[in-house]
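Visitor: Hey, could you walk me through this one? I'm new to reading structures.
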Amino acid sequence: MAAHKSSESALGAVLQVLRDAPHPISGEHLAAQLGLSRAAVWKRIQRLKAQGYTIEGSPRRGYRLLAIPDKLLPEEVLQGLNTRVLTGPLHYFETLDSTNNYAKDLAAHGAPEGTVVIAETQTGGRGRLGRDWDSPPGVGLYVSVVLRPQLPPLELPRITLTTAVAVVRTVRRVTGLAPGIKWPNDLLVQGKKLGGILTEMETESDRIRHVVVGLGLNVNNPNFPPELAATATSLALAAAGPFSRVDLLKAWLEEFEDLYERFLNQEFPEILTEWKRYTVTLGRAVTVKQGPREISGQAVDVAPDGALLIRVASGELVQVTSGEIAPEPVPGPGA
Ligand code: BTN
């Protein structure tokens, strides 16, 4: 299992020259341009090929970049990424048990805010409420980000809602689809689940030590296992795909950073207003399951702290801070 720390990547410079070159470029030119030996250039070309880049190389004409792999390689994600906080280090894996697990471990060992963990597949992807997250290789986004907000733990639900707004913005921007949010943070399209967010934190006394925000998004899945087929969907199934996972990841990092900075800047009320524009939960009859307990009524609003407000049969307004709306799925926009 190879981690890849891209900011220190020695390959990026070679790749950049190949990307920019309008015609094949000789090993000699590459070496001179980058201040490397020809042997060092050759080694880097081999490493790029091993990562999946298609590079034509002929002794007479030189090297030419023909195709970029459909992978979330750091060189691709960082290329033109317009972020100030969510900049990495970026840890990339072909396989990981769970990006949240890995990010939590990094955070516990002092990883800075903006650290990003990406996997092509997860063998133990986790969802909310102890569920599994189906994470087949090469078709989804499985990404976790480390944050270090200097805030009390009760701010966590607001961070989760903020993340969901960033996902909706991302999907709209890249695919034109308009997902709905099922409280608190399920992303739905045509009434089926497209993605989910798992936010976890460590605290010390009354302060957040770090937060790990994990996003799972079904992008190019052509189908789902039988037990999920009725309730899950992917962007490619909902619209004419396939979609670029790299573009989606970059867009999410940019949108999330924008919203996270606003959140830190006391602008959560505006973010909540946007969340309410996207939600499919408010105004509906809902049953929230909290373990064995069930609360049924009309979902009337979300409180400023992110709690769902349910008007129950007695007329009382009940605040629900955790749990899951049943039955799934709630019909979404376009359903
Ligand atoms: C849910 O809807 O239940 C939340 C799903 C969150 C899944 C993502 S995939 C990346 C990150 N790593 C995990 O193990 N889980 C989250």
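Predicted model: local features only at pLDDT ≥ 70, side-chain atom pairs only at ≥ 80, totals over all residues.

Visitor: Okay, how many helices and strands does the protein chain have?
Guide: The protein chain has 10 helices and 15 strands. Its radius of gyration is 22 Å, close to the 20 Å that the globule rule gives for 335 residues, so the chain is as compact as a globular protein of that length.

Visitor: And what does the C-alpha trace span along its principal axes?
Guide: About 85 × 45 × 30 Å.

Visitor: Now the ligand. Where does the ligand sit?
Guide: You'll find the ligand in the largest pocket. There are 20 residues around the ligand, and the nearest ones are Ser 98, Gln 122, Arg 126, Arg 128 and Lys 193.

Visitor: Which atoms are 2.6 Å from an oxygen atom of the ligand?
Guide: One is a polar backbone atom of Arg 128, which is 2.6 Å from a ligand oxygen. Another is an N or O atom in the side chain of Lys 193, also with a ligand oxygen at 2.6 Å. For Ser 98, an N or O atom of the side chain is 2.8 Å from an oxygen of the ligand.

Visitor: How much of the ligand's accessible area does the protein cover?
Guide: On its own the ligand has 410 Å² of accessible area, and the protein covers 98% of that.

Visitor: Which helix or strand gives the largest share of the shell?
Guide: Strand S9, with 4 residues. At least two shell residues each come from helix H5 (99-108), strand S6 (140-147), strand S9 (192-204) and strand S10 (207-218).

Visitor: Switching topic: which peptide bond near Trp 183 is cis?
Guide: The bond from Trp 183 to Pro 184 is cis, with omega near 0 degrees. Look for Pro 184 in the loop between strand S7 (180-182) and strand S8 (186-189). Gly 241 and Pro 242 are joined by a cis bond too, with omega about -5 degrees. Pro 242 is in the loop between helix H8 (235-238) and helix H9 (245-264).

Visitor: Why point those out?
Guide: Because most peptide bonds are trans, and most residues other than glycine have a negative phi.

Visitor: So is phi of Ser 205 positive or negative?
Guide: Positive: phi of Ser 205 is near 45 degrees, and this residue is not a glycine. Ser 205 lies in the loop between S9 and S10, and both of those strands supply residues to the shell around the ligand.

Terms used. Residues numbered from 1 in each chain as written. Heavy atoms only, no water. Near = heavy atom within 4 Å. Polar contact = N/O pair within 3.5 Å; in protein donor to acceptor, adjacent residues only side chain to side chain. Areas by Shrake-Rupley, 256 points an atom, 1.4 Å probe, with all protein chains shown as cover. 1 Å grid on protein atoms, 1.4 Å probe; cavity = no way out; pocket = protein on both sides within 12 Å on 5 of 7 lines; lining within 4 Å. Sits in = over half its atoms within 2 Å of the grid points. Rg over C-alpha atoms; globule rule 2.2 N^0.38 Å.
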